[in-house]
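Let's take a walk through this model, starting with a sheet and ending with some aromatic rings. Keep the structure open beside you as you read.

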Amino acid sequence: MRNITFLVVGLAAGTFVGTVLNGSDLIASSAHSGHQMGSAPYDTLSDDRKNIWPADLPAPTIALDLQPDPASGHNLFVTLDGFEMTPEDVNKAVEPGTGHGHLFINGENVGRLYAPMRHLVNLPKGEVTVHMYLGGNDHKVWVVDGEPLFVEETFVIE
C-alpha cells in the first residue's frame, strides 16, 4: 500500500511540474500528443486497438463532474462503478475491469487519468467538452458489445 501511495504522490507531483514547465497550460496540443478526438472518434477504431470487455462482467458506469476550484482552475471528478484504476499496472498484462482513463478537453488530448480527480487550469470560457475513455493497461479502448467505454459531458465555464 505504501508503494501505491508513493506512486500516486509522484504522479501528482509530476503533473504539477509538467504543468509549470508547460507555461501553466494543462491542455496539451494534439500535435504533441498524436491523439485527437473528432466528432466520431471511434468509427475507425481498428480491432487491434480494442480490449473486449468480458461477457461475465457487468459493464462499468462512468460519470463526470466539473467544479470550480476555490484557488484556481477547475476540479474534474470521475465516478466509476465496476472499473478500477490501476496505475501501478500500466504497460503490464491486461486485467479485466482495470486500467486507466484517457482524457480529452474540447477534442485535445490532456493525458492519462490514473485517479478519480484531476485539477485543470486555463479552461476556456463558454462550453467545454470533457471526454474520457477507459483503456486497459495496454492503452487499448475497452469495448462492451461493440461499443467503446467512454463518457462525454459538456460544461459551461464562466
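Two strands count as paired if DSSP finds at least two bridges between them. Keep in mind that what you're looking at is a predicted model. With that in hand, look at β2 and β3: they run antiparallel, and eight bridges join them.

β2 and β3 belong to an open sheet of three strands, ordered β2-β3-β7, with antiparallel pairing. At the edges you'll find β2 (61–68) and β7 (117–120), each of which pairs on one side only. Going from one strand to the next, the twist averages 20°.

Next, stop at His 74, which is in strand β3 (residues 74–81). Is this residue buried or exposed? His 74 has 14% relative accessibility, so it counts as buried, the cut-off being under 20%. Setting aside neighbours within four places in sequence, its contacts include Gln 67, Leu 66, His 119 and Leu 120, along with Ile 157.

On to the aromatics. Searching the whole structure turns up three aromatic pairs. In one of them, the ring centres of Phe 104 and Tyr 133 are 6.2 Å apart and the planes are at 25°, so this pair is stacked; the cut-off for that is under 30 degrees. Phe 104 belongs to strand β5 (residues 98–105) and Tyr 133 to strand β8 (residues 126–135), so the pair links distant parts of the chain, 29 residues apart. Phe 104 is buried at a relative accessible area of 1%, and Tyr 133 is buried as well, at 7%. Elsewhere, Trp 53, Phe 83 and Trp 142 make up one aromatic cluster.

How values were computed: Residues numbered from 1 in each chain as written. Predicted model: local features only at pLDDT ≥ 70, side-chain atom pairs only at ≥ 80, totals over all residues. Heavy atoms only, no water. Phe/Tyr/Trp six-rings, centres within 6.5 Å; stacked < 30°, edge-to-face > 60°. Helix = DSSP H or I, 4+ residues; strand = E, 2+ residues; numbered from the N terminus. Buried < 20%, exposed > 50% of the residue type's maximum accessible area, 1.4 Å probe, protein only. Contact = heavy atoms within 4.5 Å. Axes fitted to C-alpha atoms, helices over the stretch in contact; angles between N-to-C directions.
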